[in-house]
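Please take me through this structure one selection at a time. Tell me what to click on and what is found there.

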Amino acid sequence: MRSTVSIEPGHMGHGRYPEAVTLEDFGRNLADVQARIEAACARVGRDPATVRLLPVSKTYPEARLRLAHAAGCRMLGENKVQEAYLKWHAMQDLGELQWSIVGHLQTNKAGRVARFATEFQALDSLRVAAALDRHLQAWGRGLDVYVQVNTSGEPSKFGLTPEDVEAFVKQLPAFSSLRVRGLMTLALFSSEADRVRQCFVRLRTLRDVLRQVAPIGVQFDGLSMGMSGDFEVAIEEGATVVRIGQAIFGARPLPDSHYWPGEPSSKESQP
Ligand SMILES: *Cc1c(COP(=O)(O)O)cnc(C)c1O
């Protein structure tokens, strides 16, 4: 499948998206993103209701998150547990606001996530699954989870290799408080649309295989893929969740290497 959608590497958002500072800015940005989601769906004959927009609020201050909430956001994604926890704590007065952790989790932070998150999108180890389950049981809570897959083959990215996912998923029913929803990936950061698209195709193909072999109680419909720079391509390839920060909140001032610790600052195939 090919389209004329332009694609930009995730770290190229600077300057492209002005900072959202008013309620109107958030309203407009959310409407723009929603319109782009609908246009991408229309190109491939999908119902836009099958694509969930997850606004990603990492690095933005509480005041901006409150504006996003006022503009209608009811779930926010964060990639660092401590930052998310502090924001959750500070915004309890808002009532309905749920949190999705989209970044790598260390076992020793699992207790925090179990306390307040509704969703965790970066599951890639049984140790973390076990730790989450133990803490969730203690709190009497459940958690929606996505298994993170490294579809780009870049050593700097977290996630299971595609070959390891099936065996991993088969173990998950042992952790009864985890509700497995599907797979998540970060595509290659590249301006070459075809190579980015291949990452999304790989995740969808894997999901289709897993659907057939998934253990009872494990559901494999979800495909969390696509960010500000590539979400339209991801939707064309079947994304059911798109995780979008900069197109809603505005460009982050620092390069992505700052927010994804462990990633080299100069990425492959810069334009
Ligand atoms: C930051 C982040 C996003 C959103 O990226 P944007 O370029 O701001 O849209 C999506 N997924 C993950 C895992 C992230 O850390």
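Which side chains meet in a salt bridge with Glu-83, and what is the N to O distance? Select Glu-83 and Lys-87: their side chains form a salt bridge, with N and O 2.7 Å apart. Keep in mind that this is a predicted model. Side chains of opposite charge can pair when their charged atoms come close.

Now show helix 3, residues 81-90. Lys-87 and Glu-83 are both in this helix, four residues apart, so about one helical turn separates them. Lys-87 counts as buried because its relative accessibility is 9%, and buried means under 20%. Glu-83, at 22%, counts as partly exposed.

Next, select Arg-43 and Glu-236. These two form a salt bridge whose closest N and O atoms are 2.7 Å apart. Arg-43 belongs to helix 1 (residues 23-44) and Glu-236 to helix 8 (residues 231-236), so this pair ties together parts that are 193 residues apart in sequence. Arg-43 has a relative accessibility of 43% and counts as partly exposed. Glu-236 has 4% and counts as buried.

Arg-197 lies in helix 7 (residues 193-213) and Glu-236 in helix 8, so the pair ties together parts that are 39 residues apart in sequence. Both Glu-236 and Arg-197 are buried.

Together with Arg-43, Arg-197 and Glu-236, they are linked in a network of salt bridges. In total, the structure holds 20 salt bridges.

Now move to the ligand. How many residues surround the ligand? There are 14, and the closest are Lys-58, Ser-228, Arg-243, Gln-246 and Arg-252. By class, this shell consists of seven nonpolar, four polar and three charged residues.

Select Lys-58: one of its polar side-chain atoms is 2.6 Å from a ligand oxygen. Select Ser-228: here a polar side-chain atom lies 2.5 Å from an oxygen of the ligand. Select Gly-245: in this case a polar backbone atom is 2.9 Å from a ligand oxygen. Finally, show the surface of the ligand. Taken alone, the ligand exposes 390 Å², and the protein buries 99% of that.

Methods. Residues numbered from 1 in each chain as written. Predicted model: local features only at pLDDT ≥ 70, side-chain atom pairs only at ≥ 80, totals over all residues. Heavy atoms only, no water. Near = heavy atom within 4 Å. Polar contact = N/O pair within 3.5 Å; in protein donor to acceptor, adjacent residues only side chain to side chain. Areas by Shrake-Rupley, 256 points an atom, 1.4 Å probe, with all protein chains shown as cover. Nonpolar A, V, L, I, M, F, W, Y, C, P; charged D, E, K, R; others polar. Salt bridge = Lys/Arg side-chain N within 4 Å of Asp/Glu carboxyl O. Helix = DSSP H or I, 4+ residues; strand = E, 2+ residues; numbered from the N terminus. Buried < 20%, exposed > 50% of the residue type's maximum accessible area, 1.4 Å probe, protein only.
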